[in-house]
Amino acid sequence: MVAIPITRSIAIDDSELIETTTRAGGPGGQHVNTTDSAVILRFDVGASPGLPMAVKHRLADLAGSRLTRDGVLVLRSEGSRSQLLNRQEVRERLFALIKEATIVPKKRRPTKPTRASQTRRVDGKVRRSAVKAGRGKVRD
């Protein structure tokens, strides 16, 4: 069991990552038909003891459709002809996603528009209304 450090306080166990290989699609000739170069990585977000609950929730939001109903994050990499490079890429993507989930988003502090900006807005509306009113039918 090897712990993979993500941040200073968060590390996940290597045994939590389930990697499977499959044949990659697309062009590539006979080489594609004989090697399993695509890598599919599965990571059970809900069952991971190394992640705090808040990070799990943010990670689930970030994952979107890559998260199954069971809470398993599924990532696929088939960009390279090398299985080793695909394995490294999919792991880096997972670690980047977890790092992004550790960042707590700042809450928006609502602001009120200034009195001057409100005045400018209303004046603009009055001017525009006058322009449109001038486009009507001419009356004698």
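Helix H2 spans residues 53–63, and its buried residues are Val55, Lys56, Leu59 and Ala63. These sit on the same side of H2, because they cover an arc of only 100° around the axis. The face turned away from that buried side carries exposed Met53, His57 and Asp61. The model is predicted.

Several elements cover the buried residues of H2. They include strands S4 and S5 and helix H3. Just after H2 comes Gly64, with a positive phi of about 60°.

| Element covering H2 | Residues |
|---|---|
| Strand S4 | 38–44 |
| Strand S5 | 72–77 |
| Helix H3 | 83–102 |

Glu16 belongs to the loop between strand S2 (11–13) and strand S3 (17–22). Glu16 is buried, yet has no salt bridge. The nearest side chain of opposite charge is Lys56, 7.9 Å away. Lys56 is itself one of the buried residues of H2. Beyond its neighbours within four places in sequence, Glu16 is in contact with Arg42, Phe43, Asp44, Ser48 and Pro49.

Now the whole chain. Its secondary structure comprises four helices and five strands. Along the sequence they follow the pattern β-β-β-α-β-α-β-α-α. The chain is more spread out than a compact globule, because its radius of gyration is 27 Å, well over the 14 Å that the globule rule gives for 140 residues. Its C-alpha atoms fill a box of roughly 85 × 45 × 25 Å along the principal axes. Of the 140 residues, 24% count as buried. The accessible surface is about 10,500 Å², and 53% of this belongs to carbon and sulfur atoms. Among contacts between residues at least 6 apart in sequence, 59% join residues at least 24 apart.

Methods
Residues numbered from 1 in each chain as written. Predicted model: local features only at pLDDT ≥ 70, side-chain atom pairs only at ≥ 80, totals over all residues. Heavy atoms only, no water. Buried < 20%, exposed > 50% of the residue type's maximum accessible area, 1.4 Å probe, protein only. Helix = DSSP H or I, 4+ residues; strand = E, 2+ residues; numbered from the N terminus. Arc of directions from axis to C-beta. Contact = heavy atoms within 4.5 Å. Lys, Arg positive; Asp, Glu negative; His and termini not counted. Salt bridge = Lys/Arg side-chain N within 4 Å of Asp/Glu carboxyl O. Rg over C-alpha atoms; globule rule 2.2 N^0.38 Å. Areas by Shrake-Rupley, 256 points an atom, 1.4 Å probe, with all protein chains shown as cover.
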